[in-house]
Amino acid sequence: MALAGLLWCIALLLATSVAAAVSARRGWARALVYGASLGTSSIALAIASAALIASPTLAGEIQLPVGLPWLGAHFRLDALAAFFLVVVNLGSATASLYGLGYGRHEEAPERVLPFYPAFLAGMNLVVLADDAFTFLFTWEFMSLASCALVMAHHRERGNVAAGYLYMLMASLGTLALLLAFGVLAGPAGGYAFASIRAATPSAFVAGGVLALALIGAGSKAGLVPLHVWLPLAHPAAPSHVSALMSGVMTKVAVYGFVRIVFDLLGSPEWWWGALVPLIGGITAVMGVLYALMEHDLKRLLAYHTVENIGIIFIGLGLALAFRANDMPAAAALALTAALLHVFNHSVFKSLLFFGAGAVLSATGTRDMEKLGGLIHRMPFTALAFLIGSVAISALPPFNGFVSEWLTFQAILLSPALPQWLLKFLVPAVGALLALSAALAAACFVKAFGVTFLGRPRTEAARMAAETDRASLAAMFVLAALCLLAGILPGYFIDALAPVTEALTRASLPRQHELDWLTIVPIAESRSSYNGLLLFSFIALAAGLAAEVIHRWASDAIRRAPPWDCGFPDASPITQYTAGSFSQPIRRVFGSVVFRAREEVDMPAPGDTRAARLHVRLQDVLWDALYAPTAKLVAFVAERLNAVQFLTIRGYLTLVFGALVVLLMVLAIWQ
Amino acid sequence: MAIALDFLVQIGQMLVVLALAPLLTGYVRKLKAHLLRRQGPPLVQPYRDLLRLLRKEVVLAHSASWVFRVAPYLVFATTWVAAALVPTFATGLLFSYAADMIAIVALLGSARFMLALAGLDVGTSFGGIGSSREMMIASLAEPAMLMVVFTVSLLAGSTQLSSIAASMQGPDVGVRVSLALALVGLVMVAIAENARIPIDNPATHLELTMVHEAMILEYSGRHLALIEAASYVKLLLYMSVIACVFFPWGVAISGQGFTAYLIGLAVYTVKLVAGGFLLAVFETAIAKMRVFRVPDFLGAALMLGFLAALLLFVTRAG
């Protein structure tokens, strides 16, 4: 049975974790951990794929006698869980393959190896959990395991602070989820998902649960303004773990949101469909703007995760709006778009983090201003990173475009929604989505161009060497998937049909049987897209042009110094940097969003000091939300400090007072 | 039979856009020169330029990588494919279902992405300045374009250009405020995307204000020829989109017979002549703006497109 097989895989991962804790310092521990993780994840991936494609036959439930004594631990495999297990285990398998090579650079393997399989097991367990207790327990287990991995290099500057912030935000998220499940379970305490599903909460309670789910799952996924920990914590971990956290763990958070809101909560209210896309749209634009201002390669990628989570939530929110208005076909389209973006983002974000890890291990730096020209020294990494960059920028014929195209198609269906607020809001969300897509392209021209193109800016970049074969293999598997999902999207959309069928009672028409593998979400007269044809056309036209020109015109090449308008400068510091590349966009958007200030420090005539340009960016959200909270907490802690130094009489009085107050509350409550 | 005809129309369309594009650019240049009381180069000068460049050797910077060498072919191919999917003289292109209007905008985005990377590849300051500004302009122009696409496809109930052209000829569209706003927005986007005055000057060199020309400064020989050809095709593409969406009269509908195609071709030529004339007059009458005024211009285009879409969202039957 599929579910039992998956649970055995998870048990195997946990056993690997224990074995690694014992033997982490041995030379073979790395091969053991990543090899075992690769094997189990691949098996789990195969089982989950089979369960998704043959979904009703392979679904199942299991109850294990662990956890709360009167509840046990429920596990259930359905179409939604199977889809997210595919995402989780695809990411896990490639990250393990990458780790086989990349883990060689690890200085403190005993801080990484034991937690890595535990982290993988935690993510799998969350998706399989079928009662509130198991869900929260495994959710917290996943958070703690990843937190340990974030702290693996705790001596590097900033990592401890990042881990601390992550811990705080994860606790906040778990608290919100705990309350959400508490409200859902009601006073009777029916914590199994089956009994939650059977109950129908009042509109007020359901709205509260939605808000709590947005906080709980949103803080883990990185919704603005709960995203602050993400760009600090994700890059702090070793790169394959960064890839898992950014590419996969945020998707587990999306799973939590979908499970609670679409599955457990029953029918949605229409205003949910206004709130969720609006948050998604703001998240998307803010995420990409933050990314544009960033010069640290891994942090840039982490901010892009924030953007893509925004895009996913736009799709989810539209699905809620359509479902609330009883438009199942449109809801299925929006949900398919969101879920396809979940898959696509997990693929290209893992790929990009692997590339960033290869750059980091080859040069020792993540700062883009110290890189450049790596395409000459690391050609394969550069090619894989380029494919990932084009895919994440939502450009055809790669996969990122397909899911954004579907989201646009869903937006174009929304004038039929009856509520006025939605009529005003949805086009605005569409504009935000279009803006974020265009800005993402600018950001990845910067990320790829400054890191891999041009001339090396430092000695470290000049002496970089290509990364190992295992890492390259992991990257090219994902790059191939980016292209495959871009040119044959019909198969991937069809695989999602059982999920949308279960959650919206509708699914898109079968796609892969259509002529020429075109995708047609609604009707052929309305919209269609064919990535395969576009790809072959572009390849054909480019090949034809190259062939004709080389044969009939000229194929002579002469190498020479760059022209640069007649003033070539030999020094690589005259190149455009990441900061100068994003300067025009900083001028356009930054003055509002970041209160960006530029000051030129020009020395007086005769002074030989270099002129300097100072750029100051303020994180408005941090200043408005987090700094005051931290200040308040510090203030209260300072005041309460006195309580720690009371006499015994003082403490007794305090206890007595507390008792009296509690009794009074009880008396009033009754 | 119908498929064979559609296939012929498709091939004809691909050849027409490729053959006419340099002529359109030459015509605009000639007109601009006349408006400035100059003689101007002959109409066929762009063809001669292309042929001359194609025969010359490529001078490649030492620091150039394969991205620099592959980019011109990809840029040309992507732009050509995009242009081949816009109905010019006839709808019913065989492959028009492969990409709708959103995909065509995104295809142009792919071309721009590659070209901007090529600008950064050699590692010179001019290439960087061009790429950086091009992406800034695109980051506003692309959403503006998508808003126009939203407007038009809401009216037509489709994002397919063939269906849009057919439905815009129909009786139930009429004159609408949204369409007027969208037209203005689209024209502004087209000016920006094609690096025309007042955003960018296609004739400038050695100026800190140049955008597109700075990005391709390192290109020579056949690479430069391909990039120039791509930019000619892009100008033609935008004029075709405007003509197809807002002035679709005369476009031959699939299956109307041979004369309809001939009429379609003639009408299309007239539209291009008119469009080129308006472009030349506009460019001569207006001064180039500072690069940091460009966001205001494109922000206005974005707002026009957004307003047009919003009006439709609100007035559509609920």
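## Report on a predicted two-chain model

A:Glu466 sits in the loop that links helix 19 (459-462) to helix 20 (469-487) of chain A. The model is predicted, and the values in this report are computed from its coordinates or come with the prediction.

Leaving aside residues up to four places away in sequence, A:Glu466 touches A:Arg377, A:Met378, A:Phe380 and A:Thr381. For A:Met378, the separation from A:Glu466 is 88 residues in sequence, while the C-alpha to C-alpha distance is 4.4 Å.

### The two chains

Chain A contains 27 helices and 5 strands. Its radius of gyration is 26 Å, which agrees with the value near 26 Å for a compact globule of 670 residues.

| Quantity | Chain A | Chain B |
|---|---|---|
| Extent of the C-alpha atoms along the principal axes | roughly 90 × 70 × 60 Å | about 60 × 45 × 45 Å |
| Residues that count as buried | 56% of 670 residues | 60% of 318 residues |
| Share joining residues at least 24 apart, among contacts between residues at least 6 apart in sequence | 80% | 80% |

On confidence, chain B has a mean pLDDT of 89, and 96% of its residues reach 70 or more. The model as a whole scores ipTM 0.95 and pTM 0.95. Where pLDDT is low, the predicted coordinates should not be read in detail.

### The interface

The contact between the chains involves 75 residues of chain A and 77 residues of chain B. Several elements of chain A each supply at least two residues of the side that touches chain B: helix 15 (374-377), helix 17 (399-412), helix 18 (420-452), helix 23 (531-553), strand 3 (557-560), helix 24 (578-581) and helix 25 (583-593). Helix 18 of chain A gives the largest share of that side, with 15 residues. By residue class, the side of chain A that touches chain B comprises 50 nonpolar, 17 polar and 8 charged residues.

Strand pairing also crosses between the chains. Strand 3 of chain A and strand 1 (residues 58-61) of chain B run parallel and are joined by 4 bridges. In one of these strands, strand 1 of chain B, B:Ala61 is the bridge partner of A:Ala560.

### A covered helix in chain A

Helix 13 (residues 297-324) of chain A has 28 residues, and its span from first C-alpha to last is 41 Å, close to the 40 Å expected at 1.5 Å a residue. The helix is mostly covered, with 28 of its 28 residues buried. After helix 13 of chain A comes A:Asp326, which has a positive phi near 60°.

### Backbone details in loops

Two other residues of chain A with positive phi can be described together with their surroundings. A:Ala394 is not a glycine, yet its phi is positive, near 60°. A:Ala394 is placed in the loop between helix 16 (379-392) and helix 17 of chain A, and it counts as buried because 28 C-beta neighbours lie inside 10 Å. A:Cys565, likewise not a glycine, has a positive phi of about 60°. The loop that holds A:Cys565 runs between strand 3 and helix 24 of chain A. With 16 C-beta neighbours inside 10 Å, A:Cys565 counts as partly exposed.

In chain A, the bond between A:Val224 and A:Pro225 is cis, with omega about 10°; A:Pro225 lies in the loop between helix 9 (203-221) and helix 10 (230-236). In chain B, the peptide bond from B:Ile197 to B:Pro198 is cis, with omega near 10°. B:Pro198 belongs to the loop between helix 7 (177-193) and helix 8 (212-215) of chain B.

Definitions and conventions. Residues numbered from 1 in each chain as written. Chains lettered and ligands numbered in written order. Predicted model: local features only at pLDDT ≥ 70, side-chain atom pairs only at ≥ 80, totals over all residues. Buried ≥ 20, exposed ≤ 12 C-beta atoms within 10 Å, placed from the backbone. Contact = placed C-beta atoms within 7 Å. Nonpolar A, V, L, I, M, F, W, Y, C, P; charged D, E, K, R; others polar. Pairing = 2+ DSSP bridges. Expected span 1.5 Å × (residues − 1). Rg over C-alpha atoms; globule rule 2.2 N^0.38 Å. pLDDT = per-residue confidence, 0-100.
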